[in-house]
Amino acid sequence: MLKNVADYVVFDLLMVKPGTHLGEALDFFIYDTIKIFLLLSVIIFIVAVIRSHFPPEKTRRILSRRRVYVGNALAASLGIVTPFCSCSAVPLFIGFVESGVPLGVTFSFLVSSPMINEVALVLLYGLVGWQAAALSLGSGLLIAILSGWVIGRLHLEHLIEDWVQEMRSVRELVIERKLTWPDRINMGKTAVREIVGKVWLYVIAGIAVGAGIHGYVPEAFMSAIMGRDQWWSVPVAVLIGIPMYSNAAGIVPVMEALLGKGAALGTVLAFMMSVIALSLPEMVILRKVLKPKLIAVFVAVVGTGILCTGWLFNLLF
C-alpha cells in the first residue's frame, strides 16, 4: 500500500519517468519517509511505555547487586530498553561509579545502549528483514558483553579522571512515583513528540543519502568497494563511520540502500555499528570522565569486536 502511494506521487503526480535515476531515487525517498516515520511513531510509543518500568535509579540498583559476569550480560540487555544515549554518558557513568557498579559492567551498558537501539532493530526488520535485525541484535549484545568483560579484566579503574574517583558517594532517598497506565500512555505520546521532533532532520538526511545511493550509484561500483570479497572493506567502513554523527534511525536507510546495491551485510553492519557506537561526539563526552588511555582502550576493544563481526558475517553470508 505504501509503495503504491509512493509510486502514485512520483510517477503520476510528479510525472517522473519510471526507470530513470531520478524516478528511482524519488520513489525510494518518499516510500522510506512514510514507512520510517510510521514505524518510528509506533515503536517509540511502545518502547516509552516499557521504559517507564526502568527509571535510572532502578537500573543502577539492579546492576550494582550483580556479580561481574552476570552483570555484563544484564547490563548489555538493559542497554536495549533504557532511555540513554551518548549524550547522557557522563551522568550515567558517574552514577554507576558512585553506586559501586564495576567498570567493566558499566562499559557493557555504555556500549549496548547506543549500539543496540530498539528503534533501529524494528526499522531493520521492516526495511531489510528479520535476519538483519537478529544479526544486529546478537552481534551488538556479544560485542557489549565481551567488551565490558575485557575492560573489567584489565582493571583500569585508575584511568578514571581523579575528580570522579574523589567524589563521595551520596546516597539519596529516591521515591519512585507509582505510574498508572494513563501515565504511561501519556509518557508514550510525549516521547513520540519529543523524539521525532529531535531526530526527524537526521532521518530525512539519512533517507536522502540512501535515495541518492539507490538511484545513482551503480551496483558494480558498490560491490567492488563494499563487497564481501574485499577483506579491507570492513576496516574502511569502520574508519568512515567513526567521524560521522547520526542516530540509528538515520543510518538505517543508508544501510538499506547499500545492501540493495550489492554491499556485503557484514561490511554494512560494521559501518552502522561504528557510526552509533564509536562516534566522535561520544568520545568527546566521555573524555570528561575518562583519561585518554582508557578511551583508547575502549575504542580498540569495541572496534576489534566490530571488525570481527563484519568479517564473520561476510564469511557466513
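**Reading the surface and the backbone**

Reply: The accessible surface of this protein amounts to about 15600 Å², and 68% of that area belongs to carbon and sulfur atoms. Please bear in mind that the model is predicted.

Me: What percentage of the residues of the protein count as buried?

Reply: A residue is called buried when its relative accessible area is under 20%. Of the 317 residues here, 49% count as buried.

Me: How many helices and how many strands make up the secondary structure?

Reply: The protein has 16 helices and zero strands. As for its contacts, among those between residues at least 6 apart in sequence, 81% join residues at least 24 apart.

Me: Turning to the backbone, what is the value of phi at Met-15?

Reply: Phi of Met-15 is near 55°, which is a positive value in a residue other than glycine. Met-15 is placed in the loop between α1 (2-13) and α2 (21-51).

Me: Is Met-15 buried or exposed?

Reply: The cut-off for exposed is a relative accessible area over 50%. Met-15 has a relative accessibility of 68%, and therefore counts as exposed.

Me: Where is His-155 placed, and what is its phi?

Reply: His-155 lies in the loop between α8 (130-154) and α9 (162-165). Its phi is near 55°, again a positive value in a residue other than glycine.

Me: Is His-155 buried or exposed?

Reply: The relative accessible area of His-155 is 57%, so this residue is exposed.

Terms used: Residues numbered from 1 in each chain as written. Predicted model: local features only at pLDDT ≥ 70, side-chain atom pairs only at ≥ 80, totals over all residues. Heavy atoms only, no water. Helix = DSSP H or I, 4+ residues; strand = E, 2+ residues; numbered from the N terminus. Buried < 20%, exposed > 50% of the residue type's maximum accessible area, 1.4 Å probe, protein only. Contact = heavy atoms within 4.5 Å. Areas by Shrake-Rupley, 256 points an atom, 1.4 Å probe, with all protein chains shown as cover.
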